[in-house]
Amino acid sequence: MCLTLVKQLLEKNEKGQVIATCRNPNGSAGLLELKSKFAERLDLQQLDLTVETTIEESAKSIAERYGSLNVLINASGILSIPDVLQPVIILTFFNFSTETTLSKLQRSSLMLAYEVNAVGPVLVMKHMWPLLSIGGRSGTDRDVAVIANLSARVGSIGDNCLGGWHSYRSSKASLNQLTKTVSVEFARKKDPIVCLLLHPGTVDTDLSRPFQRNVPEGKLFTKEFSVQKLLSIISNAKRHDNGKFFAWDSQEIPW
């Protein structure tokens, strides 16, 4: 899904830089292919969410090369790793098999999910903040920069009627709270930055593939469809959207 985000951002606009970060840019065939097509507009940078120094270095590089940011999309997420992290929901229409009860919850699973799904994205926000403050005041046809953090409906406490998914659900709830808290701070300081939380739906990606078997018909989206919907929300974001949690169809999700 991250690759599709980069692709659509480049294809949607004829101007403007897109900076794509990942742990190993030289090992990403998809990003390298896009780089060959958009050599002047795509900047690939190394960034590991679990190593804060790499986030600092990326922010420093962006400041030196471009001076500002207009949009920040945190699209990181970890749901399952075989024999390491295997989230499960307890209802029969999902074919999951572990983490169904509190007794099967492991500290290592929780900590890994929190580190990647919540801690990493908020540290990116922290280090990119000065660049977004500048970007929100100039360079676009609107008066705000946008931070869009990809969350998940299962991170909603108010919408939790099913249980399960302990590590993933709670880490995304943490991301929601951190993003909401930052949005309040930005508003209080009159920073020209809007923070959004976005639920992409159930998308046909490597992240969801082990759990797709019983997804209701019509509810498994292509990456292209979901990304198009999310970018539309980002493009149309206004100041009054600051701190809101949206699904792919622009409907607000309860906290």
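Predicted model: local features only at pLDDT ≥ 70, side-chain atom pairs only at ≥ 80, totals over all residues.
How far is the sulfur of C22 from the closest cysteine sulfur, and in which residue does that sulfur lie? The separation is 9.1 Å and the partner is C2, a distance that is too far for a bond.

**Cysteines**
- Across the whole structure, the search returns zero disulfides.
- C2 takes part in no disulfide, the nearest cysteine sulfur being that of C22.
- Because a disulfide requires sulfur atoms within 2.5 Å, the 9.1 Å between the sulfurs of C22 and C2 is too far for a bond.
- C2 counts as partly exposed, at 43% relative accessibility.

**Aromatic pairing**
- The count of aromatic pairs comes to four.
- One of these pairs joins W129 and F186, whose rings are tilted, with 5.3 Å centre to centre and 50° between the planes.
- W129 belongs to helix α4 (residues 107-135) and F186 to helix α5, so the pair ties together parts that are 57 residues apart in sequence.
- W129 is partly exposed at 24% relative accessibility, whereas F186 is buried with a relative accessible area of 3%.

**T179 in helix α5**
- Helix α5 spans residues 166-188 and contains T179.
- T179 is buried, its relative accessible area being 1%.
- Within the chain, the T179 side chain reaches the backbone oxygen of L175 at 2.8 Å.
- When neighbours within four places in sequence are left aside, T179 is in contact with M125, N149, C195, L196 and L197.

Methods:
Residues numbered from 1 in each chain as written. Heavy atoms only, no water. Helix = DSSP H or I, 4+ residues; strand = E, 2+ residues; numbered from the N terminus. Buried < 20%, exposed > 50% of the residue type's maximum accessible area, 1.4 Å probe, protein only. Polar contact = N/O pair within 3.5 Å; in protein donor to acceptor, adjacent residues only side chain to side chain. Contact = heavy atoms within 4.5 Å. Phe/Tyr/Trp six-rings, centres within 6.5 Å; stacked < 30°, edge-to-face > 60°.
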